[in-house]
Amino acid sequence: AVAVDSKCGGEVKVFLDVIKPDPRLIVVGSGNIGKPLAGLAHAVGFEVVVVDDAETATPERFPHARRIHSGPFSEELELVDAKPSDFVAVVHGETGHEIAALRRFLSLGPAYMGLLGSRNKAVEHKRRLIAEGFTEDEVEKIKAPIGLDIGAETPEEIAVSIVAELIEARRLSRLRTAP
């Protein structure tokens with residue numbers, strides 16, 4: 001209740017309904033992992049953006065994507081701004097594209113950033129980013145390999161493990177910042 005200066009001496013009750021937008025997942029890669037990842041992420045409440053220059057980056061393949069950036073890769077990367085509340089999943093598979101995406105989004109500071117691939121690949125990519133001027137603390141924010149370790153083998157199972165990790169990151173970060 002909020003007291004107001006009124007002649008009748010009444011009260012005014014104000015109810016606020018805070019509407020939080022769906023968290024956004026930027027999926028870099030439209031291949032065998034990217035497709036089920038985007039679908040599952042959408043199903044659990046993520047707004048999905050896809051970035052890839054491959055022929056597989058189509059609205060037919062990603063019907064629930066809010067936006068598909070499918071032009072020249074480096075140009076499309078520059079068009080996507082990651083906010084501190086965004087999640088980024090780099091599931092591309094081509095080293096040059098992965099490094100470009102990590103470089104771009106790491107500098108923007110999303111809430112979560114993961115990389116598909118082996119631990120060795122992650123170590124090499126992180127080493128390269130440090131050589132380019134990123135700090136060790138910055139590159140250690142990259143979760144690699146991406147996904148919870150549930151023994152996943154198929155693209156769909158790998159996507160489930162990634163989405164489970166995204167849910168964990170989303171829910172636990174909200175708990176850590178709650179008053």
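## The strands

How many bridges join strand β6 to β7? There are 4 bridges between β6 (residues 87-90) and β7, and the two strands run parallel; strands count as paired when DSSP finds at least two bridges between them. Val-90 sits opposite Leu-115 of β7. On to β8 (residues 142-143): β7 is joined to β8 by 2 bridges, again running parallel, with Gly-114 facing Lys-143.

This is a predicted model, where local features need pLDDT of at least 70 and side-chain atom pairs count only at pLDDT 80 or more, while totals for chains, interfaces and linings use all residues. Residues are numbered from 1 along each chain as its sequence is written, and side-chain values use heavy atoms, leaving out hydrogens and water.

## β7 from both sides

In a regular strand, side chains alternate between the two faces of the sheet. In β7 (residues 112-115), Tyr-112 and Gly-114 are buried on one side, and Met-113 and Leu-115 on the other. Buried here means under 20% relative accessible area and exposed means over 50%, with partly exposed in between (1.4 Å probe, protein chains only).

## Helix α4

Helices are DSSP runs of H or I with at least four residues, and strands are E runs of at least two, numbered from the N terminus. In α4 (residues 119-131), the buried residues are Ala-122, His-125, Lys-126 and Leu-129. Seen down the helix axis, they fall within an arc of 100 degrees, so they line one face of α4; the arc is taken from the directions from the axis to the C-beta atoms. On the other side, Asn-120 and Ala-131 are exposed.
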